[in-house]
Amino acid sequence: NVELDAADVANAAICRLGKWYHGDGKAKYGSLPVFGPLGIAHERFHQACAEAINAHKQGDTAKVQALIAEIALLSENVLQYLDEIKSKL
């Protein structure tokens with residue numbers, strides 16, 4: 001029963017991970033090969049979430065389901081990239 005706005009989730013730089021990514025994370029781990037793919041997956045995650053919200057508001061159930069599957073995969077990817085960074089500590 002939460003009303004979500006696509007604009008609230010579209011910007012990957014303002015969430016907690018985004019702030020870390022563009023700040024301390026970049027300073028400490030930006031040279032790691034996995035750091036770039038993490039940013040790409042994180043950005044796409046936010047885009048897909050915004051697209052899913054818009055599709056839901058338009059009643060496009062098929063698109064919502066496809067985006068949910070993509071969001072789940074992107075979430076797994078982000079976690080894998082973070083685990084890889086953690087393993088370098």
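**A chat about the helices**

Modeller: Let's start with Ile-71, which counts as buried because its relative accessibility is 16% (buried means under 20% relative accessible area, exposed over 50%, partly exposed in between, with a 1.4 Å probe and protein chains only). This is a predicted model, where local features need pLDDT of at least 70, side-chain atom pairs count only at pLDDT 80 or more, and totals for chains, interfaces and linings use all residues. Residues are numbered from 1 along each chain as its sequence is written, and side-chain values use heavy atoms, with hydrogens and water left out.

Biologist: Where is the place of Ile-71?

Modeller: Ile-71 sits in helix α4 (helices are DSSP runs of H or I, at least four residues, numbered from the N terminus).

Biologist: And what is Ile-71 in contact with, leaving aside its neighbours within four places in sequence?

Modeller: Phe-45, Ala-48, Cys-49 and Ala-52, where contact means heavy atoms within 4.5 Å.

Biologist: New topic: where is the kink in α2 centred?

Modeller: On His-22, and the kink is about 40°. That bend is the angle between axes fitted to the seven residues ending there and the seven starting there.

Biologist: Which residues in α2 are buried?

Modeller: Gly-18, Tyr-21, Gly-25 and Tyr-29. The buried residues of α2 pack against α3 and α4 (61-87).

Methods
Helix = DSSP H or I, 4+ residues; strand = E, 2+ residues; numbered from the N terminus.
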